Amino acid sequence: MDDSKTIITVVGAGRMGTGIAQVFASAGHNVRLLDLKKRSPGESRQVLLKAREQIEATLSLLTSLGVTDEVTAQVIAARVTYHGRSQAKESLEEAGVVFEAVPEILEAKEEVFAEICRLVSGETIIASTTSTFLADTLASFIKGAERFMNTHWLNPAYLIPLVEVSPAHGTSPAMLEKMIKLLESIGKVPVKCAPSPGFIVPRIQALAMNEAARLVDEGVAEPEDIDKACRVGFGLRFAVLGLLEFIDWGGGDTLYYAGNYLAKALNSERFAPPTIITENMEKGKIGLKTGHGFYNYRDRDVSEYQRETLRKFVDLLKHLGLLAPPHGGRD
């Protein structure tokens with residue numbers, strides 16, 4: 001598959017479908033946005049017109065923000081064509097990759113995949129953008145399931161770099177690698193994860209959001225203060241360090257003791273450290289201070305790593321206007 005010439009078909013003309021179509025068009029691909037739902041001709045035209053207007057409005061916004069210019073935005077918009085169910089054959093038969101982006105209703109996805117598999121080439125990669133269903137569940141609807149995987153995009157898809165790629169147990173490694181390379185070629189940052197409920201980000205994010213809501217419910221803080229703490233504390237840290245990297249940075253022992261304290265103080269096992277943290281403690285894999293934690297630091301220049309990490313923090317704080325200038329005068 002030559003990624004530079006791959007025709008992309010996106011099935012589903014909602015927010016996610018239009019976002020993905022725009023991403024690929026921005027990277028130079030010709031994209032066919034297909035609404036496969038059974039509708040009257042008039043309804044189909046309205047849905048596709050709304051999709052076109054959404055993409056054009058987003059490109060206009062990005063132009064106003066200096067991301068692109070008007071001429072380039074017009075070229076990008078022209079790469080996307082819009083098709084109703086009656087045009088399914090021409091929309092799918094030449095597609096190198098098809099992304100399904102229909103509502104999270106299992107029966108709807110099964111029907112759409114049946115139509116996709118009927119019309120695409122046997123070499124076409126098929127991916128779902130589901131945030132709900134496991135790849136193994138959806139793979140059962142695919143003829144030639146070795147070419148199927150989930151690709152979980154985060155909204156807004158045209159901005160957020162991350163795509164969580166979750167192959168089914170029967171997905172071909174070659175097909176998975178092609179998808180990874182395709183996503184990288186359009187500027188995305190793919191990560192692989194096993195078929196598990198919640199993927200990576202939604203699973204972590206659900207815990208954080210529920211805990212924030214509990215803080216309000218328990219009267220610990222006002223919503224404005226909780227969100228401010230998340231933006232200038234929690235969010236800043238994890239814009240630079242990954243969660244597991246942060247555990248290593250501060251020490252797994254810190255998480256171990258803090259987690260056990262919170263579990264007892266708040267009478268909730270949800271704060272108790274997982275088995276892997278306890279096992280790492282027993283093995284002395286605490287993080288930077290021992291040279292090994294979730295990552296191995298023994299062959300790294302730790303001083304340079306720490307300096308570079310702090311530089312990223314400084315750059316981010318400066319960009320956000322949150323770095324207080326030092327006072328150099330005498331009192």
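Reader: What covers the buried residues of α3?
Author: The cover includes α1 (15–26), α2 (41–64) and β3 (80–83). Cover here is by contact, meaning heavy atoms within 4.5 Å. Helices (H or I, at least four residues) and strands (E, at least two) are DSSP runs, numbered from the N terminus.

Reader: What sort of model and numbering is this?
Author: This is a predicted model, where local features need pLDDT of at least 70, side-chain atom pairs count only at pLDDT 80 or more, and totals for chains, interfaces and linings use all residues. Residues are numbered from 1 along each chain as its sequence is written, and side-chain values use heavy atoms, with hydrogens and water left out.

Reader: Back to α3. Which residues are buried there?
Author: Ala-73, Ile-76 and Ala-77, in a helix that runs over residues 70–78. They sit on the same side of α3, because their arc around the axis is only 95°. That arc is taken from the directions from the helix axis to the C-beta atoms. Buried means under 20% relative accessible area, exposed over 50%, and partly exposed in between (1.4 Å probe, protein chains only).

Reader: Why would residues three or four places apart point the same way?
Author: Because an α-helix has 3.6 residues a turn.

Reader: And which exposed residues are on the face turned away?
Author: Val-71, Gln-74 and Ala-78.

Reader: What happens at the start of α3?
Author: A side-chain oxygen of Asp-69 comes within 3.1 Å of the backbone nitrogen of Val-71.

Reader: Different topic. How is the chain divided into domains?
Author: Domain 1 is 8–192 and domain 2 is 221–320, with bounds from an automatic or database domain assignment. Their C-alpha centres are 36 Å apart.

Reader: What does UniProt list for 8–193?
Author: An unreviewed UniProt entry lists "domain: 3-hydroxyacyl-CoA dehydrogenase NAD binding" for those residues; such annotations may be inferred rather than shown by experiment. In the model, residues 8–193 are 44% helix and 19% strand, and the end C-alpha atoms lie 23 Å apart.

Reader: How many disulfides?
Author: There are 0, counting a disulfide as a pair of cysteine sulfur atoms within 2.5 Å.

Reader: Is Cys-193 buried or exposed?
Author: Cys-193 is buried, at 11% relative accessible area. Cys-230 is partly exposed, at 34%.

Reader: Where is His-292?
Author: In the loop between α12 (275–283) and α13 (302–320). His-292 counts as buried because its relative accessible area is 16%. Beyond its neighbours within four places in sequence, its contacts include Gly-284, Tyr-297 and Arg-298.

Terms used:
A polar contact is a pair of N or O atoms within 3.5 Å; within protein, one must be able to donate a hydrogen and the other to accept it, and residues adjacent in sequence count only if both atoms are side-chain atoms.
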